[in-house]
Amino acid sequence: MSQTIATPPTVRLDSDVIGKPINRTEGPAKVSGAAKYAAEFDVTGPLWYGYIVSSPVAKGKITKIHAEEVLAIPGVQRVFSHENVPSLAWFDRAYKDDVAPGGSPFRPLHEPEIMFSQQPVALVVAETFELARYAASVLRIEYDVEKHNTDLESSIDEAFDAPKGKTGFLPPPKPKGDMNKAFAEAPHKVAGEYIHRAQHHNPMEMFATTVDWLGDGKKMKIYDKTQGAPNVQQYIAKIFGLSKDEARIISKYTGGGFGAGLRPQYQVFLAVMAALELEHSIRVVMNRSQMFSMGYRPHTLQKLRLAADDLGHLQAIEHKALAETSQFENETETVVNWSAILYDAPNTNFDYQLTKLDLNTPADMRAPGAATGSFALESAIDELSYKAGKDPLEFRLLNYTYEDPSENKPFTSKRLDDCYHEGAARFGWEKRNPAPRSMRDEKGLLVGWGVAAGCWDASTQKAAAKAVLTADGHLTVSSATNDQGAGTYVIMTQMAAQTLGLPMSQVTFNLGDTDMPAAPVQGGSWTANSVGAAVKNACQEIGKKLLKLAQKIDDSPLAGVDFEDVQFVDGHLRANEDITRSVAIADVLAASGEAKLEADGKAGPNPLNMLKYSMHSHNAAFVEVKVDEDLGTIHVTRVVNAVAAGRIMNPKTARSQVLGGTVWGLSMALMEETYLNKDFGRYVNHNYAEYHIPTNADIHKIDVIFVEEEDDIASSIGVKGVGEIGMLGVAAAIANAVYHATGKRVRELPLTIDKLL
Ligand code: MOS
């Protein structure tokens with residue numbers, strides 16, 4: 001059979017979409033305002049509003065709530081507090097959400113005791129938002145105030161080893177050799193203490209819940225701002241003794257999360273409680289200051305000791321961290337382990353402790369533990385490179401690990417060396433004068449160049465998806481995953497389109513509804529990989545059904561061909577061996593007479609591979625700063641961020657993830673700090689005016705490089721995830737560049753003007 005091949009492989013195929021910089025499918029809805037967030041959904045009947053009242057004291061007990069005064073205001077419906085909180089199921093008093101650490105989760109309005117400043121103490125429900133807010137503002141509450149302690153530095157003696165209990169938390173690696181002896185004897189050494197205070201997630205969208213009371217028993221549609229609808233559903237169903245049918249959670253769009261929305265937040269509890277009690281639709285939205293009342297990157301003190309021999313080889317690594325947590329939960333981050341993965345030495349010691357304070361529980365915040373741990377590590381490594389007389393980049397390459405020393409396992413892939421080389425080439429690192437204070441620009445500003453590396457987990461979680469192919473040729477795939485702005489909608493559409501060889505326009509991906517197949521919370525950089533594999537598997541199942549149907553057609557060109565030998569390209573099934581043996585999907589559907597084909601797909605971790613291998617993404621950040629010595633101002637004028645994170649499904653959305661991470665690294669380095677007034681035990685800059693984050697004027701040139709890795713072991717689809725890796729290294733690279741510019745080593749973040757003087 002001689003025939004012209006319709007689509008030679010060199011031609012761009014409509015369905016060849018993975019790895020292409022495709023625009024977000026939900027972009028038009030977001031920019032036109034059609035995308036609805038949790039506080040924007042309409043409900044079936046009238047809507048009432050709940051306004052949260054927060055405790056002004058950090059520790060004590062509520063003695064009196066003058067609810068009757070505000071209940072006298074026409075339109076006020078109810079004041080909920082510990083005095084009248086309905087008896088809840090509390091099926092399991094120790095019930096924990098998927099991301100909860102060890103301890104006993106905070107239960108809003110459950111007891112009169114105050115455990116942290118801004119603790120929610122009452123919910124005022126009224127017929128309008130303004131009325132609820134007004135009534136909440138005049139609600140008088142009396143407290144017995146007790147002495148609080150929110151001071152980490154003065155509570156070091158109460159530190160204890162961080163217990164296990166949180167999914168994903170790795171205890172510090174075991175020590176090796178004789179740290180003290182090696183450190184004492186080494187010719188080159190560094191000992192430093194690194195400090196950062198609390199930082200708060202500041203997503204644009206505030207935590208909000210709209211409960212649509214459907215008037216059919218206890219049935220509710222609950223629109224919630226969360227990074228994981230299924231996690232919220234489990235929590236709500238358990239606490240209130242509801243069936244999943246009664247508590248459907250919907251979260252179509254999430255206006256930023258960064259970890260703040262991993263755990264169900266208290267507004268969803270309050271809104272559902274009020275709806276159940278009043279049998280009415282309710283909306284509860286936190287205000288901006290209440291956004292500082294939960295979850296934050298904990299204030300952490302870190303100590304590092306590093307030593308190298310005459311040739312610059314690391315001989316000793318010690319990394320200790322102490323973080324704050326609440327009185328009722330032990331929030332844990334993986335802080336020090338990165339120092340045992342990125343570098344190796346014959347003598348090591350690692351330690352990670354917590355201290356309980358009268359604060360709310362901290363939470364995961366983008367690259368939790370690693371963002372701060374790598375700041376300390378990569379600052380100390382930089383310092384040691386100068387002591388050892390090596391270029392900071394050369395020193396890192398000299399101490400490069402080809403296996404993961406923390407677990408003595410090979411990496412599934414690690415192209416950090418190529419990140420260093422490609423990043424350095426793009427940055428122009430070879431033109432660097434190694435001496436501090438040696439470079440100036442044409443205006444006389446001090447110029448500093450710094451580098452730092454980062455490492456993050458490439459992990460897979462259990463996820464499921466469903467695919468439906470209808471007779472009109474449209475493929476609809478769904479999974480109850482989330483998109484907090486990362487690009488999940490578009491990359492899952494790409495995955496489905498590529499797997500079945502359909503154009504993007506014929507594929508729809510839906511998410512954020514607990515009626516869909518379950519998926520994990522969106523976090524840990526695991527969504528692309530976990531949900532992506534589930535989507536691929538669901539689509540492949542459809543593919544198998546299509547092949548079977550295609551082979552039922554008389555004189556089928558695909559007769560006798562196995563599924564493994566079939567490709568799906570441009571709306572056709574074709575035999576790999578001879579692509580002229582081809583059938584259009586539309587023709588298969590028409591011939592079959594089926595109205596639709598449906599299939600489920602699942603994915604999850606591979607425990608055997610996890611035992612054998614270490615799975616990580618890496619990056620190297622190169623930074624140029626300019627410092628005005630007279631004013632002490634620091635400008636980050638250039639960043640090259642080179643990332644090795646497996647296969648990149650969409651270079652446009654992936655680049656945006658790394659850009660965002662880079663901006664946040666800059667923000668962490670130079671601006672962010674939630675200031676805790678220890679006399680009041682209260683964060684005092686809980687607003688956008690006083691909690692400093694970068695604006696456009698602070699951001700200059702940022703270059704992103706992806707060093708792609710072929711890695712079918714870390715994940716079945718070759719993806720490692722890019723949600724967090726871009727943030728790593730950036731803060732340390734900035735501090736290192738500031739040292740190179742000024743000769744001043746700052747070990748405390750944020751690196752504000754006063755610390756340079
Ligand atoms: Mo991210 S801190 O895993 O939401």
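Author: Phe-509 is buried, with a relative accessible area of 4%; buried means under 20% relative accessible area, exposed over 50%, and partly exposed in between, with a 1.4 Å probe and protein chains only. This is a predicted model, in which local features need pLDDT of at least 70 and side-chain atom pairs count only at pLDDT 80 or more, while totals for chains, interfaces and linings use all residues. Residues are numbered from 1 along each chain as its sequence is written, and side-chain values use heavy atoms, with hydrogens and water left out.

Phe-509 sits in strand S23, residues 507-511. Helices (H or I, at least four residues) and strands (E, at least two) are DSSP runs numbered from the N terminus. With neighbours within four places in sequence left aside, Phe-509 is in contact with Val-477, Ser-478, Ser-479, Thr-481, Thr-488, Tyr-489, Met-492, Thr-493, Val-531 and Val-535, where contact means heavy atoms within 4.5 Å. Phe-106 is 403 residues away along the chain, and its C-alpha atom is separated from that of Phe-509 by 35 Å.

The protein chain is divided into domain 1 (47-146 + 201-293), domain 2 (370-459 + 606-757) and domain 3 (461-604), with bounds that come from an automatic or database domain assignment. The C-alpha centres of domain 1 and domain 3 are 40 Å apart, and 21 residues of domain 1 are in contact with 16 residues of domain 3.

On a 1 Å grid over the protein atoms alone, a cavity is a set of points where a 1.4 Å probe fits but cannot get out, a pocket is an open set with protein on both sides within 12 Å along at least five of seven lines, and lining residues have an atom within 4 Å of a point. Grid points are joined across faces, edges and corners, and a volume is the space filled by probe spheres set on the points.

The second largest pocket holds about 490 Å³. Both domain 2 and domain 3 give residues to its lining, so the second largest pocket lies between them. Its lining has 25 residues, and Ile-18, Gln-498, Thr-499, Lys-536 and Arg-647 are those nearest the centre. Helix H11 (488-500), helix H12 (527-552) and strand S24 (566-569) each supply at least two lining residues; S24 gives the most, with 4. By type, the lining has 8 nonpolar, 9 polar and 8 charged residues. Here Ala, Val, Leu, Ile, Met, Phe, Trp, Tyr, Cys and Pro count as nonpolar, Asp, Glu, Lys and Arg as charged, and the others, Gly among them, as polar.

There are 6 cavities of 30 Å³ or more. The second largest cavity has about 100 Å³ of space. It is lined by 15 residues, with Ser-117, Phe-292, Leu-359, Asn-360 and Tyr-683 nearest its centre, and these 15 divide into 7 nonpolar, 6 polar and 2 charged. Domain 1 and domain 2 each give at least three residues to this lining.

A nonpolar core is a set of buried Ala, Val, Leu, Ile, Met, Phe, Trp, Tyr and Cys residues joined through side-chain atoms within 4.5 Å. The largest has 96 residues, of which Leu-314, Tyr-352, Phe-622, Val-625, Leu-670 and Ile-734 touch the most other members. Helix H16 (residues 730-742) gives the most to this core, with 9 residues. A second, separate core has 56 residues, including Val-17, Leu-469, Phe-563 and Phe-568.

Some backbone details remain. Most residues other than glycine have a negative phi, and most peptide bonds are trans. Phe-258 has a positive phi of about 65°; this residue is in the loop between strand S12 (247-250) and helix H6 (266-278) and is partly exposed at 30% relative accessibility. Asp-555 also has a positive phi, near 50°. Asp-555 belongs to the loop between H12 and S24 and is exposed, at 79% relative accessibility. The peptide bond from Leu-749 to Pro-750 is cis, with omega near -5°, and Pro-750 is in the loop between H16 and helix H17 (753-756).
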